[in-house]
Amino acid sequence: MKNIVLKKSLSGHLKDYLILTLGILIYVIAWSVFLVPNNMVGGGVTGCSSILYYAFNIPMGYSYFALNGVLLIVGVIMIGAGLGFKTIYAIILASVGLNLFQQIMPVEIIDILAIKNGKLMCTIMGGMMAGAGIGMSLSVGGSTGGTDIIALCINKYRNVSPGRIIMVSDIMIILSSLLFPSYTPDGELVEFADKITTVVYGLIFVAVNSYVIDLYLSGSKQSVQVFIMSRKYAELADAITNIFHRGVTVLPAKGWYTKSESQILMVITRKTDLNLLLKYVKTIDSDAFLSVSYVTSVYGKGFDTIKGANIGEKGKKDDLKSVSSEKIPEAPLKENR
């Protein structure tokens, strides 16, 4: 059993880095194909790099890597080295990709997919791809750097969605593009009126991007509640607890048709772990009866934490005081008739 758990752990790490790599590649392609050829501006460190690229012709990969250095140090301090290792890998991969894909991407493909489809379609497609890439990175504990690190730091202590944090910071970066000149790949200066239009497209990009991020993360973190009815409930409970490392609640039950006493196992786990749990159950008892239902939120050990509350005895007293100090609306007096 220990060897099985070890293999699962190694394969899990490999899977995380594969998902992270795929997410970064999708993110880089979104910028290289749909946004940069149209002189579009986005948010985050990549948005800052695009502004510097349009104004001073500084390769995006270099400025992207340099600007992320300071934010990476902050992320390692606040979130931990686990985030730092994955994010260093993501930043290096994205930095190389931003420079490489702009050079190797065929002009014909960019013309067909981006230029001929118009800026609005490029904004939507780029926002969807970039959001999916960021969501994939965040779901495995990594980051594409920049405002993603800020979002993870804030989300660690407050119940604020990463997409909303990224959206606010991205809007500020997009508006700042009006303060810098912008040149097309042909060397022509973009007029101020066109830059205002670009800002509007940038805001649409941010809205699409943040929505896709939240949509992806809410799906990857969704939990399920499983009821298991089996004659081998004790063996199943031990296997789920010791091997699957999930808590099990045993509920007494009685079959009304057979009038026989039985036990039902209740397990709450991540949706992504459901298939593995079903394999455990099938291995031990192929005749087991299961009921699976989706739950919106799960708080506690092994799942999400209730953030924003004070910790400790003093914190508990403060929380109780804050709750008791809230005014409870009085019920309206009924008229006697």
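Student: Which order do the strands of the open sheet have, and how should I read it?
Tutor: Strands of a sheet pair through backbone hydrogen bonds, either parallel or antiparallel. In this predicted model, the open sheet has 4 strands in the order β2-β3-β1-β4, and the pairing is antiparallel.

Student: Which strands are the edge strands?
Tutor: β2 and β4 (289-295) are the edge strands, and each of them pairs on one side only. Direction ignored, neighbouring strands of this sheet are turned by 25 degrees against each other on average.

Student: Which helices pack on the sheet?
Tutor: Helix α10 (residues 233-242) packs on the sheet and touches β1, β2 and β3. The direction of α10 makes about 15 degrees with that of β3. Helix α11 (residues 274-284) packs on the sheet as well, touching β1, β3 and β4. For α11, the direction makes about 10 degrees with that of β1.

Student: How many bridges hold β2 and β3 as a pair?
Tutor: Strand β2 (residues 248-255) and strand β3 (residues 260-270) pair over 8 bridges in the antiparallel sense. T249 stands opposite M266 in β3, A253 stands opposite S262, and G255 stands opposite S260.

Student: What should I look at in the hairpin of β2 and β3?
Tutor: The hairpin has 4 residues between the strands, and K259 takes a positive phi near 60 degrees there.

Student: Why is β1 described as largely enclosed?
Tutor: Count the buried residues. In β1, 5 of the 7 residues are buried, so the strand is largely enclosed by the rest of the structure. For the protein as a whole, buried residues make up 38% of the 337 residues.

Student: How do I read burial along a helix, and which residues of α6 are buried?
Tutor: An α-helix has 3.6 residues a turn, so residues three or four places apart point the same way. The buried residues of α6 include C122, G126, A130, G133 and S137. Others among them are T123, G127, G131, I134 and L138.

Student: What length does α6 reach from its first C-alpha to its last?
Tutor: Helix α6 (residues 118-139) has 22 residues and reaches 32 Å, close to the 32 Å expected at 1.5 Å a residue. Just after α6, G141 takes a positive phi of about 85 degrees.

Student: Is S32 buried or exposed?
Tutor: The relative accessible area settles that. S32 has a value of 2%, and because buried means under 20%, S32 is buried. S32 is found in helix α1 (residues 2-35). Leaving out residues up to four places away in sequence, S32 touches P37, G97, L98, F101, Q102 and I110.

Student: What volume does the second largest pocket have, and which residues are closest to its centre?
Tutor: The second largest pocket has a volume of about 310 Å³. It is lined by 14 residues, of which M229, S230, R231, S262 and F289 are the closest to the centre. β2 and β3 each supply at least two residues of the lining.

Note on methods: Residues numbered from 1 in each chain as written. Predicted model: local features only at pLDDT ≥ 70, side-chain atom pairs only at ≥ 80, totals over all residues. Heavy atoms only, no water. Pairing = 2+ DSSP bridges. Expected span 1.5 Å × (residues − 1). Buried < 20%, exposed > 50% of the residue type's maximum accessible area, 1.4 Å probe, protein only. Axes fitted to C-alpha atoms, helices over the stretch in contact; angles between N-to-C directions. Contact = heavy atoms within 4.5 Å. 1 Å grid on protein atoms, 1.4 Å probe; cavity = no way out; pocket = protein on both sides within 12 Å on 5 of 7 lines; lining within 4 Å. Points joined across faces, edges and corners; volume = space filled by probe spheres on them.
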